[in-house]
Amino acid sequence: PEVLTRYQTRIAQEPDTLISDQSQFQYHLRGGLFTVEVKSAVLRDLKKEPPLEQVLEDRFLTMETSRSSRNLITKQEEFTTREGEVTGLKVFGSGEFQVDDTEDFVKCRYAIIAFGGPGFYQWIHLTWRLDDPLSQRVAERIMNSIEVSLEL
């Protein structure tokens with residue numbers, strides 16, 4: 001079975017940096033444009049509620065400004081976990097995404113879902129091809145199985 005791979009990202013050391021620690025994981029199917037990314041971040045102020053709208057906007061801007069996507073259409077809504085216990089925010093839509101290191105673009109869907117509580121936030125980012133029903137089912141299965149703890 002395929003697994004998510006941990007990757008390291010540097011945390012800025014400026015005094016105004018909100019994050020004190022983070023973990024990121026990713027799975028990318030080369031050529032198939034199916035991607036799962038997960039990030040958990042601990043805030044410097046453990047009592048502060050995370051700015052989920054800003055977290056989603058930053059993640060979307062990263063996707064939007066990369067050369068690997070274009071013509072993005074977006075919507076936003078509240079997202080509730082399967083058990084209905086935790087509510088977060090979801091940005092989702094469609095666009096054209098670059099196939100690995102080629103000049104080719106294909107139509108895809110994406111979803112970015114964020115949750116948070118005092119002192120932390122988490123997001124999951126999925127991208128899948130529009131013309132691939134199996135990827136659509138896998139993405140839906142992932143979104144329908146999300147469970148979140150709101151405690152550090």
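The numbered points below go from the whole chain to individual residues.

1. The model discussed here is predicted. Its protein chain contains 2 helices and 7 strands. Read from the N terminus, these elements follow the order β-β-β-α-β-β-β-β-α.

2. Overall dimensions. The C-alpha trace of the protein chain spans about 45 × 35 × 30 Å along its principal axes. The radius of gyration of the protein chain is 16 Å, which agrees with a compact globule, because such a globule of 152 residues would have a value near 15 Å.

3. Interior and surface. Of the 152 residues in the protein chain, 41% are buried. The protein chain exposes about 9500 Å², and carbon and sulfur atoms supply 48% of that area.

4. Among the contacts in the protein chain with a separation of 6 or more, 52% are between residues 24 or more positions apart.

5. Glu37. The side chain of Glu37 forms a polar contact of 2.6 Å with the side chain of Arg59. When neighbours within four places in sequence are left aside, Glu37 is in contact with Tyr7, Phe25, Gln26, Arg59, Trp123, Ile124 and His125.

6. Val42. Strand 3 also holds Val42. Val42 has a relative accessibility of 25% and so counts as partly exposed. Val42 and Thr87 are 45 residues apart along the chain, and their C-alpha atoms are separated by 19 Å.

7. Asn71. This residue is found in strand 4, which comprises residues 69-80. Asn71 counts as exposed because its relative accessibility is 53%, and the cut-off for an exposed residue is over 50%. What is the phi of Asn71? The angle is near 55°, a positive value in a residue other than glycine. For context, most residues other than glycine have a negative phi. The student may wish to locate Asn71 in strand 4 on the displayed model.

Methods: Residues numbered from 1 in each chain as written. Predicted model: local features only at pLDDT ≥ 70, side-chain atom pairs only at ≥ 80, totals over all residues. Heavy atoms only, no water. Helix = DSSP H or I, 4+ residues; strand = E, 2+ residues; numbered from the N terminus. Buried < 20%, exposed > 50% of the residue type's maximum accessible area, 1.4 Å probe, protein only. Polar contact = N/O pair within 3.5 Å; in protein donor to acceptor, adjacent residues only side chain to side chain. Contact = heavy atoms within 4.5 Å. Rg over C-alpha atoms; globule rule 2.2 N^0.38 Å. Areas by Shrake-Rupley, 256 points an atom, 1.4 Å probe, with all protein chains shown as cover.
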